[in-house]
Amino acid sequence: MSEKCLLDQWRDTAYNKDLTREQLEKFWGVYFNIEKEIYEQLLTDPDVEVKGTVEELAGKYGQDVMTMVGFLDGINDSLKIPNPIETMTETTEVSLAFDKEKLYKNMVDAKADWLYELPQWESIFDEETRKRLYREQKQSGTVRKEKKIGRNDPCPCGSGKKYKKCCGKNI
């Protein structure tokens, strides 16, 4: 094994600048299908904590260790207790106990419709809850500016004067 940690090896492969666009699209297309299959299994019984070494989980889901490292990197922000992905080896004990709402929102944030539209979500959240979580996630990235007070607008302090003659006088 090389000196690089597993996560760095995964990222070197996944974001390889020497690959053509077509090669990267093919790589990610294959990876996203694998990811979808793993999530389908995880979401079938979302309250069961899946644990094991990186190597054991790779075997459980029929994947190589590097693909499992990529999956662990992707799900880590949605876990109840994050795994030590920066330092993990094949024998590191990891857990896939995820926060359901956080996972759903992170899938929405990643624009991964093939994941947040999985039919397994229907048995976890009702349609109204899924819509609410979707909306909350979309709105969390929206920046709203408050209406600016114009010089000739009534002062917000309630004095009845124009803003420029009252609280805006010293600005």
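My entries below go through a helix, some aromatic rings and a serine.

**Ground rules.** I am working with a predicted model, where local features need pLDDT of at least 70, side-chain atom pairs count only at pLDDT 80 or more, and totals for chains, interfaces and linings use all residues. Residues are numbered from 1 along each chain as its sequence is written, and side-chain values use heavy atoms, with hydrogens and water left out.

**Helix H7.** I took helices (H or I, at least four residues) and strands (E, at least two) as DSSP runs, numbered from the N terminus. H7 covers residues 127–140, and its 14 residues should span 20 Å at 1.5 Å a residue; the expected span is 1.5 Å times one less than the number of residues. I found the end C-alpha atoms 20 Å apart, which agrees.

Next I looked up which residues of H7 are buried (under 20% relative accessible area, with exposed over 50% and partly exposed in between, using a 1.4 Å probe on protein chains only). They are Thr 129, Arg 130, Leu 133 and Gln 137. Down the axis of H7, these buried residues fall within an arc of 100°, so they line one face of the helix; the arc is that of the directions from the axis to the C-beta atoms. They pack against helix H5 (100–109).

At the N-terminal end of H7 I noted a cap: a side-chain oxygen of Asp 126 lies 3.2 Å from the backbone nitrogen of Glu 128.

**Aromatic rings.** I counted rings of Phe, Tyr and Trp (its six-membered ring) as paired if their centres lie within 6.5 Å, with planes under 30 degrees apart stacked, over 60 edge-to-face and the rest tilted. The whole structure gives 15 aromatic pairs. In one, Trp 10 and Tyr 31 have ring centres 5.2 Å apart and planes at 45°, so the pair is tilted. Trp 10 is in helix H1 (residues 6–14) and Tyr 31 in helix H2 (residues 21–44), 21 residues apart. Trp 10 counts as buried at 4% relative accessibility, and Tyr 31 does at 6%. Ring pairs also link both into a cluster with Tyr 15, Phe 27, Trp 28, Phe 32 and Trp 114.

**Ser 95.** I placed this residue in strand S2 (residues 93–95), and at 13% relative accessibility Ser 95 counts as buried. Its side chain joins that of Glu 49 in a polar contact of 2.6 Å and reaches the backbone nitrogen of Ala 97 at 3.2 Å. For polar contacts I used N or O pairs within 3.5 Å; within protein, one atom must be able to donate a hydrogen and the other to accept it, and residues adjacent in sequence count only if both atoms are side-chain atoms.

Technical notes:
Contact means heavy atoms within 4.5 Å.
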